[in-house]
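Welcome! Take a moment to look over the protein below, and then we will walk through it together, topic by topic.

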Amino acid sequence: NNGDPCALIKVRLAASGASFEGNIVGNTAYSQGEYRVYMTDGSKQLEVRHDNYLPLDISFSDYGVNSVKGKMTYVLTLVLPQANVNAPVDVGGNFVALSVMPQNAIVSIDGNKPLATDPTGQYMQMLSYGQHTYEVSCSGYLPKSDTFTIGKGNATELNVSLESALATLTVNCPTEGATLYVDKKSVGKSPWTGTLQDGMHLIEAMKEGYRDVQKSVTLSEQQKLTVSLDALTPIQGNLSVSYRPIGADIYLDGKKSATTPYVFNGLLVGSHTIEIRKNGYASETKTVTVSEGQTASLQGSLKEIASATTAQTANQNSSSLSGNGQTFTVNGVSFTMIPVEGGTFIMGETATGWNAYHSVTLSNYMIGETEVTQAFWRAVMGKNPSKYKGNNRPVERVNWNDCQKFIDKLNSLTGKRFRLPTEAEWEYASKGGNNGCGNWYSGSNTIGEVAWYFGNSDGSGTHDVKTKSPNELGIYDMSGNVMEWCSDWYSSYSSSSQSNPTGVDSGTYRVCRGGGFLSSDDYCSSSKRQFILPDSRIFYHGLRLALSE
């Protein structure tokens, strides 16, 4: 700039875009890998800058030149650093791998948008090296958060299990058979224990013929609370029964309760079944509805059964004693009733001690040698409802109410009081009565000897009665073939001693016993109970008769 001669530095560098600092004169030109840099006389160093490389400070004395001279040309060759193609490239981060419980939990990393885990409860994300935070949350659980560090090498594995935030509620109601509801959903019988979200809940107890009881509770997270509801108040009415002849037996809902005429005070509202019986008369069964505070009325007269019949009727409907019981003939079809001597036994699954009566005492009675066959049913009812047809196969696809109609008509034809066995009578007879040997099934500990069940019926349907071995009393098929209706409503066993028990007065389900051709061996045991809606018609439900002596 002042007219003094400059030195020329030819900087050979295979990278465009470099800049230079020092005693530079004028502009720097670049062409074909070479920069032409002009410096003032006496300059001792040059600085090279490039965006892709670290700065380079060059002192000319390092190369034997104390300072550059005007009118002189110098050549400076710079070699770019060569990349090591075999060296690994660090991407600057690594994976975090979370396994969470419950598996539908939501994961948030470093406060970012929450993301769902996969169906197995696992979550993976690549993060930069260093410290991070997670938060895991799920409805019904306490959220959990913590810090973790991402480093080189293996992924950071975290196992996070959330603690339930649900409250535990126990509900008791002293009214036997009451159904409990939580937030309008049935949860079963009292007592009930379950888990609920925190907040307010509605607890109810209901039973047909009783007034509902309600109570609201407010639960906090992880609270444990027991709620005792008041006993349900029965809704009652009355029933007047005036049937002739005087002294006829009145059976209320299957249980002998009084003789005619009689007024039942304080009956639960709803439908009740009334049966009127007397020797020498055809029984009658009526359904009556009792309303709150009202007195319903039943009246009428039983029809007397003629003492003398025609020769044809006598041949069709008769009875005679046989070697192992009493044989009856109805419209040309015979069936045998086996006497069962009364006694005392332990009722229930005594091998485990679960749900068993302490003691049950029964009076003498008679029970069917076989299940009611299709031929027998047709002889009484005039039709056969069964799916698997065969005269000697047990009748099936009959519900509890169908059985009552069959028995009513049978009693009208015979003048007897046939009925369904009580649950206690059925189990006592199945176990062999006083002759019992303690077998698990009726007559044997080897199920295939005495029963048609899932393991040997091939699902092909029922089989003819009396094709397996009888039990100790000479009774057939009390294990397997078809399940058999009992007279009782289903309820929990009593723990006290019982005498001729007939079960509770009302309920939702009726008892079935013995298992069927589709049942597992467990359900064919003499002690196993099953409960079925009384209007259910299923192709493995049948019946066996009982008769009081």
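Which residue with a positive phi follows H4? That residue is Gly432, and its phi is near 95°. Keep in mind that this is a predicted model, in which local features need pLDDT of at least 70 and side-chain atom pairs count only at pLDDT 80 or more, while totals for chains, interfaces and linings use all residues. Residues are numbered from 1 along each chain as its sequence is written, and side-chain values use heavy atoms, with hydrogens and water left out.

**Overall form**
- The protein chain has 6 helices and 45 strands; helices (H or I, at least four residues) and strands (E, at least two) are DSSP runs, numbered from the N terminus.
- Along its principal axes, the C-alpha trace of the protein chain spans about 160 × 55 × 40 Å.
- The radius of gyration of the protein chain is 47 Å, whereas a compact globule of 549 residues would have one near 24 Å. This radius is taken over C-alpha atoms, and the globule rule is 2.2 Å times the number of residues to the power 0.38.

**Inside and contacts**
- Of the 549 residues in the protein chain, 44% are buried, where buried means under 20% relative accessible area (1.4 Å probe, protein chains only).
- Among contacts (heavy atoms within 4.5 Å) with a separation of 6 or more, 59% come from residues 24 or more positions apart.

**Helix H4**
- Helix H4 covers residues 423-430 and is mostly covered, with 8 of its 8 residues buried.
- The buried residues in H4 include Glu423, Trp426 and Tyr428.

**Strand E1 and its partners**
- Strands of a sheet pair through backbone hydrogen bonds, either parallel or antiparallel. Here, two strands pair if DSSP finds at least two bridges between them.
- Strand E1 (residues 7-12) runs antiparallel to strand E4 (residues 34-39), and 6 bridges join them. Ile9 has Val37 in E4 as its bridge partner.
- E1 also runs parallel to strand E7 (residues 73-77), with 5 bridges joining the two. In E7, Val75 stands opposite Lys10.

**A three-stranded sheet**
- An open sheet of 3 strands has the order E36-E37-E41, with mixed pairing. Its edge strands, E36 (343-345) and E41 (498-499), each pair on one side only.
- Strand E37 (residues 360-362) pairs with E41 in the parallel sense over 2 bridges. Here Thr361 stands opposite Ser499 in E41.

Definitions and conventions: Buried means under 20% relative accessible area, exposed over 50%, partly exposed in between (1.4 Å probe, protein chains only).
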